[in-house]
Amino acid sequence: MAGVAGAACSSNVLFRSREMGSHGASMAQYNGLRPVENMQMAPARSMARGSISTPAPKLRTIRAVVSQTVSAPKREKDPRKRVVVTGMGLVSVFGSDIDTFYNKLLEGESGISLIDRFDASSFSVRFAGQIRDFSSKGYIDGKNDRRLDDCWRYCLVAGKRALVDANLGSEVLENMDRTRIGVLVGTGMGGLSAFSTGVESLVQKGYKKISPFFIPYSITNMGSALLAIDTGLMGPNYSISTACATANYCFYSAANHIRRGEADIMVAGGTEAAVMPTGVGGFIACRALSQRNEDPKKASRPWDKSRDGFVMGEGSGVLIMESLEHAMKRGANIIAEYLGGAVTCDAHHMTDPRSDGLGVSTCIAKSLEDAGVSPEEVNYVNAHATSTLAGDLAEVNAIKKVFKDTFEIKMNGTKSMIGHGLGAAGGLEAIATIKAINTGWLHPTINQDNIEPDVTIDTVPNVKKQHEVNVGMSAVLLSTCTYDRHSRYLKFIWLWRAQFCGGFRSLHSLTE
């Protein structure tokens, strides 16, 4: 969550996207990426389709430096340890269809509006990226749908849509070893509505009136648990809660389960539904939110001089991560490949970034090293860019510290249109970054009217741009994703200021 993340920590992971052609498989099945010559694989199956103002302590001297040059270690060649992405699913303020979601971003459409889910008239902030007209039909049965917190409803729909996208529908899963398929979907705040309702019942009516679902639907691991129960997935199952970096931490850990041979497939991502009185009121108390009630669509404005805090959002973003060997055996559509990751911590303050940017820049450098990517290769950053006074500039300064020449880099902020998805942010922005690579179009950062002079990187202001991405980064609390459009794979590196880093980019062949 922007600005409220505990001791700021960082971690990195790497993904890459690819297209594979062979044995008569239609290239349309591989998202328009270039074919791989001499590729051997099984025939493809048909597919279903603000921050707190408390003073920060003085910086302590820390004996760590960011290396000026990044070495490129050998990449993993064992197909059992190489991790690919074979499906994506989301729930967003723009709906649950991935193409619609990205097209709205390309159009520069704001999803921010006045809150009508509850009476916010007495609140000093009365707007958010609230999801409307959400439907779980076909994904959750009616009885459970009425009981569930929205956090878990979003998770179930995004997760099941991702499984279908990966050609892992219920009929396919019935014939697979589901003890080798795990679920790791995290959340920053959990079932906040369920928790608030339970506390209200206790205070107003006494403990005997507390629902038996109070505890189960409040705890943060329930998204992973419910998704596993519905699909019969019996592999590793838990959640991670690391504020804004939650989803990327889940990707990082999910990949490690696959690399250690503990799972063949992991359903991983983040979910959040905090646009409700406790969530909005809590962030107002932190003095973290924009108060631009008179013009909500202009409120989220990363890097603009008139920014006054972040805008709350919600939703879920989920990826299907799978060993390369397993994906090839079942003829899966491979969207991206995960390359590696790293984790660091600011060790500084609950909400404020280090002024020297050491935690962020170290995380970026380590993730690039783990990916085998040099800073010079990066020419796109999907930034964390929350629209907070301190965070936006701290992120830019850290990027400049690692990438000495930013002339070729373009950087945009998805949150300018959908708000801050908190624990879901990493999942939603990972999907947006992958779409940027596949389409060759970068969505704009809207509300760029008077950019800070220190922001010398092209922020794709207000209008989309066509851009041949060499290597790109997608940041969630500075998460960065790297992509290489010239290769057969797209590797995606996420680097998070306070939480997590990782990425994708392309390679020339599966045998590299």
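Okay, let's start with a lysine and a tryptophan: K464 sits over the face of W441, 4.7 Å from the ring centre. Bear in mind as we go that this is a predicted model.

Now, rings on rings. How many aromatic pairs does the structure hold? There are 5 aromatic pairs, and I'll talk about two of them.

One is F195 with F214, a tilted pair, with 5.7 Å centre to centre and 35° between the planes. F195 lies in helix α5, while F214 is in the loop between α5 and α6, so this pair ties together parts that are 19 residues apart in sequence. Buried or exposed, then, for F214? F214 is buried, because its relative accessible area is 15% and the cut-off for buried is under 20%. F195 comes out at 41%, so that one counts as partly exposed.

The other pair is F283 and F310. Their ring centres are 5.3 Å apart and the planes are at 80°, so we call this one edge-to-face. Again it's a helix and a loop: F283 lies in helix α8, residues 277–285, and F310 in the loop between α8 and β7, so the parts tied together are 27 residues apart in sequence.

Besides pairing with F214, F195 is part of a nonpolar surface patch, together with V199, L202, V203 and Y207. Together those residues have about 510 Å² of accessible area.

Notes:
Residues are numbered from 1 along each chain as its sequence is written. This is a predicted model: local features need pLDDT of at least 70, side-chain atom pairs count only at pLDDT 80 or more; totals for chains, interfaces and linings use all residues. Side-chain values use heavy atoms; hydrogens and water are left out. Patches are made of residues with over 30% relative accessible area and no salt bridge: like charges are joined within 9 Å, nonpolar side chains (Val, Leu, Ile, Met, Phe, Trp, Tyr) within 5 Å. Accessible areas come from the Shrake-Rupley method with a 1.4 Å probe; for residues, only the protein chains shown count as cover. A salt bridge is a side-chain nitrogen of Lys or Arg within 4 Å of a carboxyl oxygen of Asp or Glu. Rings of Phe, Tyr and Trp (its six-membered ring) pair if their centres lie within 6.5 Å; planes under 30 degrees apart count as stacked, over 60 as edge-to-face and the rest as tilted. Helices (H or I, at least four residues) and strands (E, at least two) are DSSP runs, numbered from the N terminus. Buried means under 20% relative accessible area, exposed over 50%, partly exposed in between (1.4 Å probe, protein chains only). A charge sits over a ring if NZ of Lys or CZ of Arg is within 6 Å of the ring centre and within 35 degrees of the ring normal.
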